[in-house]
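Open the model in your viewer and keep the selection tool ready. The tour goes stop by stop.

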Amino acid sequence: MSEPCAMALPGDPLYDTAALRAIEASALAGQADPAILMQRAGRAGWQMARRCWPDARRIAVVCGPGNNGGDGYVLALQALQAGMDVRVVRLESQAPRTEAAQAMCAAFETAGGRIVHFDGALPAADLVIDALFGIGLSRAPDDATTALIEAISGHGAPVLALDTPSGLSADRGSVAGAAVVATRTLQFLAPQLGLRTGDGPDHAGALSLDTLGIARTCVTDARPAARRVDTHDLAHWLKPRRRNAHKGRHGRVLCIGGDHSTGGAVLLAAGAALRAGAGLVEVATQGAHVAPLLARWPEAMVRRTDNVSALAGAFEAADVVALGPGLGRGAWGHTLFEETLDAATANDRPLVLDADALNLLAARPRTLPAGVVLTPHPGEAARLLGVDTADIQRDRPAAVRALAARWNAVVVLKGAGSLVCAPGGVPWLIDAGNPGMATGGMGDVLTGIIAALRAQGHGAEDAAVCAALLHAVAGDRAAAQGGERGLLPGDLIDILRACANPGAHA
């Protein structure tokens, strides 16, 4: 295998609520006016509203009791001064509570602004501003607030959320009760993790960021909750090959799986490994699948196998073993699972575990060899941690960290805003992919890509991050050609080669 070069980290940092509060405190240190960031945020929100909805004349600004509400009062004053028809809406029990928010509310009223109490419906408007809670809500909203949130989302006009859609956790990307569904969210100070994973993308809409003019060091000194990578980061890992390259330099993958009736899974994994650049791909599967697999991928070396002892030569030659696609949980799959893990431990072979290999591991936990990559969807992740799927989705960042620590492995937690984490590390957020990829077989393609990159010399974490990103980018390009609904795993494999060579077709 070739050795990867050490390079600076790609991507951009994302932050949680604790970090955002620390950034705000750092930015305000030494400021004579403690409301300066509130004033900047309100003005930034108004500028965004004018850019995105220049024809909006009737503005409804929903304000909460905290500083996010203060941002809303500043925006409302800006709109009022620009000649707009502005209404501030709030619950009767949610008058401003912070000194800064009270001052901004007073300025709006002094200028002639109108404040109405929510009575079950919002006024007619061309644009609704969500300045209810931002990052300030850490619990499920009460009944009155839920009604207001639902009125915002159901109004029919575009919704601009300031900082975070109210009700959405900026840390976890989950909703406890109700949350605003925004058309666009304007984040302040620094980008937030929770807006990009789990429920976040469905509630945040298009994302923008305004740093409010703070010093860069206020952000760079804060600890990120994750790092975001997108299509532009592929070139960090996928460099052009040397002119004197040969297949031995690009690694050998052994794919094990494909019990009776599930041979397509290991076929997809093998095809993805080939298209992701593995030098050689060998497949161990049930005898009935040998001929179909060779017909689809004659470049692969395919053999029937009933146990790992029959794979001695292939196992010794492999640089990485992908175990799980179509493996099943019957006697055949169970035998191969146990024997493969034993052999990998004895021979120091990197593993990629997916699908039923994860289910077998959850059912009969055992210590894993070093360098393993696990690729669970939320249901498999729940079984690996002994919790409910809802617990995983409630806090995906915490779940991926817990999985990496529990199994001492690099983990790819699949789903909207897939997360990758190494033991003790900062998670990676894959900012690509689409709902069309939610179909059987997509995970098998990912497994093959991870194995191929691992075989080509990338470490476990780098291979997992790059593969998850490459997989998602291929899914987006395939969806762009024909739409999301009906997208098949094979569509990704067909386009994978172009995606794995960034810049080659620019």
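Select Asp 259. Asp 259 is buried (under 20% relative accessible area, with a 1.4 Å probe and protein chains only; exposed is over 50%, partly exposed in between). For charge, Lys and Arg count as positive and Asp and Glu as negative; His and the chain ends are not counted.

Before moving on, note the ground rules: this is a predicted model, where local features need pLDDT of at least 70, side-chain atom pairs count only at pLDDT 80 or more, and totals for chains, interfaces and linings use all residues. Residues are numbered from 1 along each chain as its sequence is written, and side-chain values use heavy atoms, leaving out hydrogens and water.

Now show what surrounds Asp 259. Leaving aside residues up to four places away in sequence, Asp 259 touches Gln 286, His 289, Gly 326, Leu 327 and Trp 332; contact means heavy atoms within 4.5 Å. Asp 259 sits in the loop between strand 10 (252-256) and helix 9 (263-275). Helices (H or I, at least four residues) and strands (E, at least two) are DSSP runs, numbered from the N terminus.

**Stop two: strand 2**

Select residues 58-63. Five of the six residues of this strand are buried, so strand 2 is largely enclosed by the rest of the structure. What runs parallel to strand 2? Strand 3 (residues 85-90) does, joined by five bridges. Two strands pair if DSSP finds at least two bridges between them. Pick Val 62: its bridge partner in strand 3 is Val 89. Strand 5 (residues 127-131) also pairs with strand 2 in the parallel sense, over five bridges. There, Ala 60 has Val 128 as its bridge partner.

**Stop three: two leucines**

Select Leu 189, in the loop between strand 7 (184-188) and helix 6 (200-204). Its phi is near 75°, a positive value in a residue other than glycine. Most residues other than glycine have a negative phi. Leu 189 counts as buried because its relative accessibility is 9%.

Next, Leu 212, in the loop between strand 8 (206-210) and helix 7 (216-220). Leu 212 has a positive phi of about 60°. Leu 212 is buried, with a relative accessible area of 6%.

**Last stop: helix 13**

Select residues 356-363. Six of the eight residues of helix 13 are buried, among them Asp 356 and Asn 359. Their cover includes helix 12 (331-347) and helix 16 (396-407).

Notes
Salt bridge = Lys/Arg side-chain N within 4 Å of Asp/Glu carboxyl O.
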